[in-house]
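The following note sets out points for a colleague who is examining this model. Please read each one alongside the coordinates.

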Amino acid sequence: MNNSISNERLKKAQEIASNPSSYKVCEGCDSIVGSGAITCPNCHGYRFDAEPGRVVDQAIFLGARKQTSVTLEDMA
């Protein structure tokens, strides 16, 4: 199961890195959100870095490591 999670994270990272203009990085928690987000759904921050290079770097970083954020499934 861990391999499938890693593969999913890597696929999502590749998707983000191939189209960075559709995403931005939250400056509060370093999450990647859609470019239309007004606030971060994770930390409720409102400052973002939409620089394509930053988005690509963060996607690669997050895609290569284990998930550490709490999800809805964790709360159930």
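1. R54 and D30 form a salt bridge in which the closest N and O atoms are 3.0 Å apart; a salt bridge here is a side-chain nitrogen of Lys or Arg within 4 Å of a carboxyl oxygen of Asp or Glu. This pair links distant parts of the chain, 24 residues apart: R54 belongs to helix 2, and D30 to the loop between strand 1 and strand 2. Helices (H or I, at least four residues) and strands (E, at least two) are DSSP runs, numbered from the N terminus.

2. On provenance, the model is predicted: local features need pLDDT of at least 70, side-chain atom pairs count only at pLDDT 80 or more, and totals for chains, interfaces and linings use all residues. Residues are numbered from 1 along each chain as its sequence is written, and side-chain values use heavy atoms, with hydrogens and water left out.

3. R54 also forms a salt bridge with D49, with the closest N and O atoms 3.9 Å apart. As to accessibility, buried means under 20% relative accessible area, exposed over 50%, and partly exposed in between (1.4 Å probe, protein chains only). R54 counts as partly exposed because its relative accessibility is 27%, and D49 is partly exposed at 21%.

4. How many salt bridges does a search of the whole structure find? The search finds three. One of them joins K12 to E15, with the closest N and O atoms 3.2 Å apart. K12 and E15 are three residues apart in helix 1 (residues 2-18), so they are separated by about one helical turn. K12 is partly exposed, with a relative accessible area of 39%; E15 also counts as partly exposed, at 39% relative accessibility.

5. Q58 lies in helix 2 (residues 52-63). Leaving aside residues up to four places away in sequence, Q58 touches V25, D30 and I32, where contact means heavy atoms within 4.5 Å.

6. Three strands form an open sheet in the order 2-1-3, with antiparallel pairing; two strands pair if DSSP finds at least two bridges between them. Strand 2 and strand 3 are the edge strands, each pairing on one side only. Helix 2 packs on the sheet and touches strand 1, strand 2 and strand 3, its direction making about 70° with that of strand 1. Axes are lines fitted to C-alpha atoms, for helices over the stretch in contact, and angles run from 0 to 180 degrees between N-to-C directions.
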